[in-house]
Amino acid sequence: MKSNSINKCFISVFLLFASAHLWAQKVNQSYRVETITMPAGLTSENGAVEFLPDGRLVASFTRGEVMIYNPLTKEWKLFAEGLHDPLGILVISNSELLVMQRPELTRIKDTDGDGQADLYEKVTDDFGLSGNYHEFNYGPVKDKDGNLFIALNSSSGGGDIRAEVRGEINPLGRDKSGKGQMFSNTPYRGWVMKLSPSGHLEPIASGFRSPNGIGFDLEGNLFANDNQGDWIGTSALHHVVKGRFYGHPGTLVWEKGWNKGNPFFLPIPVLDSMRTRGAVLFPHGIIANSPTQPIVDATGGKFGPFSGQLLVGEMNRERIVRVMLERVGGELQGACIPFLDGNGLRKGNNRLVFGPDGSLWVGQNSHGWLGDQGIQRIIYTGKQPADILSMNLTEKGFDLVFTQPLNKTTALELKNYVFRHYFYKYHSKYGSDQFDVQNIAVTDMQISEDLRKVSLTLSSLKPGYVYELNLGDIKTASGEELTNKVICYTLNKLKTSSL
Amino acid sequence: MRFVKISFSFLLALLSILQVYAQSNADTVRTIKIDVLVGLQFDLVRFNAKPGEMLKLIFSNSDDMSHNLLITKPGARLEVVNQALSLSEKGPSMDYIPNSSSVLYSIPVVNPNQFRTLSFTVPKQEGVYPYVCTLPGHGFIMFGAMYVNSDGKMPDIKDDLNIPPNRRETDHAVSSNQSMKHNEHPKEIKALHPYSPISPYLYRVFIDGASPAAIAVSLTKDLSYCWDAGTCRLRFAWRGGFLDNSELWKGKGDVSAKVIGEVFFRDHTDFPFYLKDRGKIPEYDYKGYSLINRYPEFHYTLNGIDFFELILPKEDGSGLIRKFRIPNVKNTVWFNTIPLDGAIYESSSGKWQENTLKLSASQAKEFIITMSKKERDLK
């Protein structure tokens, strides 16, 4: 008993230390974090958070529970149980959900009105399942035409396939000589799939390693985040377009008419020429190590000034990341920046949903990796953030727009804009170092009359590089410090005057 | 302070000389192996070393993310972890190793399935030297302690504040287990769910002896069965307990649920049903289940014909009652069994032809098959 109380005492001291020092957090006055009390006995490793039309929150958990939370009474109720690692929910009505679990997409319905589900109907299971521990499934999300999209994780080389699998086995989807690489031995592991309203499940895009989280922006573009590892130099946000391949080779064996043998043994330049690069790269150790679900801020200003941009959860840190995109040369690319660090936020930020009041609910998970448990809520206090609103590529450099007018003196100092560029290699190795790291000089700058826009000219711009900008001590006109000082732009395509 | 600094750099210089010396005598060096467990843990969270001893540290990484390993001055773990964090965007290119006098030795980032070694001389000063992974976020939970002393002592592991809290027990990390054996010491029982599961209830789960799309159902009377949505059939049934999911739920889940109890039936037929053409395996398609008084009634199609199957426990606990409905059946249905599968069969209708039950279309609309555990297996 004695050792127990010592342990507890130590843990609380330890947590105090951890939170006090972590990433030298500043108090964020624009957003505050609230922690939701979870029901006793629940191992609250969260797989999904969504809202019902009646304003209640529905959440799923690793041990198979689906629970409903009433934000007014703060009461939890069990809706369904026994599911296999449910990692996604699409709400149909107050009594009907689509839930993505390991073996299938399932319609779960309370048909007798007692508040608990009694019907568990298969919607689709038309994909392979080898029983490898890493075969997580994500989604579904729905487009305006009623098509559903799900993402299937590749299988992990850290494990194997089971003696009995569902679906055909293609041994070519794995490089057994290369230890630890993810693989795709059963159909469509590592693919994004489209389920038409008629029920046909169609593979649409390949090359995903661990696409934990898919989502749309306001224009209906579909995105999936992939996690750093073998063939993924650093984590990335991908714009999912039908027919494209996003880099992880094993998945290619499920392409229609694939006749090039084991894709792991194709020359890297060949694979590289086939792949679509990430629209936004999340530099590892800088922005995110394990990005999760992208969600568009569709609150129309209720959540602050970042309407239309994407927010992305991060597992490894007490962080939510913000992504801003633009179309350059016909393709989406853009920048990522921390959105919120700490301020009570935990790690393991796995699922995001906006509540009816415009607050952001965050479900947390670790699942054996780095993370936390539970659900938190991020609320906009109404105080305008002091932050970069957008970063756009120009022909000569970048335009930065800020959420507030800047202090002119600090904003005009060239030394307050430190750029460096680097690229990540595409290879079978786990992750990539940064290559050709170079500081890029800012040679000229201009500030707009309203002091909100800074136009920077760089000494050079090179496609295929991440441009990381570190801001110095720039103040807003009212003397505030900027909340975030590092922003990373993924330059896939240059802006040319003709476009 | 100044004196301390000077003496420390002197010590460092001395150490590096010793290190060179140590490398030339590598075969006399004691080896310490450290690997990585799931959930950001070193497998070895503490070890003893003699002051001035030469050690070879092999750090292998069987995890699926990258890690490094830094040995710090006594008491300097959190300081170094925070220094590593403040490297910010420079972290990756520096292997998350800060330029700090508190870092004594370091092994740069080791990627999954790689290893690196470090040969070094243990400090002469006795003390507890932390080792830690300083990748962002890892350092607060992923650490251990090198006890440098000549008497080889370490505190009781339960009271060891130099190792992560969850490693201060020799017991397994998860004590929750519905089927805890009676002779085990009572541990702190953690609830499995926010409710007490009351049979009947089920888990969709990875379990040996079925496809990965299995459904395990706990009935009353200590009976359980596994119905396989991947193959649309009852695979096996057991008596005693239900499942132990503790390993499955502990980390990444690279294990199967454990069956608690004794399996008394396993289906060995090529398929339990033939329709119309005897000997031909029908095309199956799983449709789902609905809960009737919490018992799942499975719905599937065979050659496009709807089948419903509800499995209940026999009142005396000796087997299963399987209630079938095939409302739209138009032809003969054969139900197949194999002797030695562990069960004795009875049916509410139809005609047994050796081990096969033949049901006419009208009989097959609703029928019951009772499967009892064979007498000779009963104790």
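**Ground rules.** I call two residues in contact if their C-beta atoms, placed from the backbone, lie within 7 Å. I am reading a predicted model, where local features need pLDDT of at least 70 and side-chain atom pairs count only at pLDDT 80 or more, while totals for chains, interfaces and linings use all residues. Residues are numbered from 1 along each chain as its sequence is written, and chains are lettered from A and ligands numbered from 1 in the order in which they are written.

**Where the chains meet.** I looked up the interface and found 69 residues of chain A in contact with 56 residues of chain B. On the chain A side, α1 (2–21), β5 (75–80), β9 (119–124), β28 (434–440) and β31 (465–471) each supply at least two residues. I take helices (H or I, at least four residues) and strands (E, at least two) as DSSP runs, numbered from the N terminus. Which element gives the largest share of that side? It is α1(A), with eight residues.

I then sorted that side of chain A by class: 27 nonpolar, 24 polar and 18 charged residues. My classes count Ala, Val, Leu, Ile, Met, Phe, Trp, Tyr, Cys and Pro as nonpolar, Asp, Glu, Lys and Arg as charged, and the others, Gly among them, as polar.

**A pairing across chains.** I say two strands pair if DSSP finds at least two bridges between them. β9(A) and β17 (residues 284–292) of chain B are joined by three bridges and run antiparallel. I noted Y120(A) opposite Y289(B), which sits in β17(B).

**A sheet in chain B.** I traced an open sheet of five strands with mixed pairing, in the order β4-β10-β9-β6-β7. β4 (46–49) and β7 (103–110) of chain B each have a single partner strand at the edges, so one side of each lacks a neighbour in the sheet. On average, neighbouring strands here are turned by 20° against each other, direction ignored.

Between β6 (residues 67–72) and β7 of chain B I found five bridges, with the two strands antiparallel. L70(B) has S106(B) in β7(B) as its bridge partner.

**The helix on that sheet.** α2 (residues 77–85) of chain B packs on the sheet and touches β6, β7, β9 (127–132) and β10 (143–148) of chain B. Its direction makes about 25° with that of β9(B). Is α2(B) largely enclosed or left open, and why? Seven of its nine residues are buried, so the rest of the structure largely encloses α2(B). I call a residue buried if 20 or more other C-beta atoms, placed from the backbone, lie within 10 Å of its own, exposed if 12 or fewer, and partly exposed in between. Among the buried ones are R77(B), V80(B) and L85(B).

**Domains of chain A.** An automatic or database domain assignment gives the bounds: domain 1 is 27–380 and domain 2 is 388–491. Their centres, taken over C-alpha atoms, are 30 Å apart. The contact takes 30 residues from domain 1 of chain A and 26 residues from domain 2 of chain A. On the domain 1 side, β21(A) gives the most, with six residues.

I listed three helices and 32 strands in chain A, and 53% of its 499 residues count as buried.

Technical notes:
Axes are lines fitted to C-alpha atoms, for helices over the stretch in contact, and angles run from 0 to 180 degrees between N-to-C directions.
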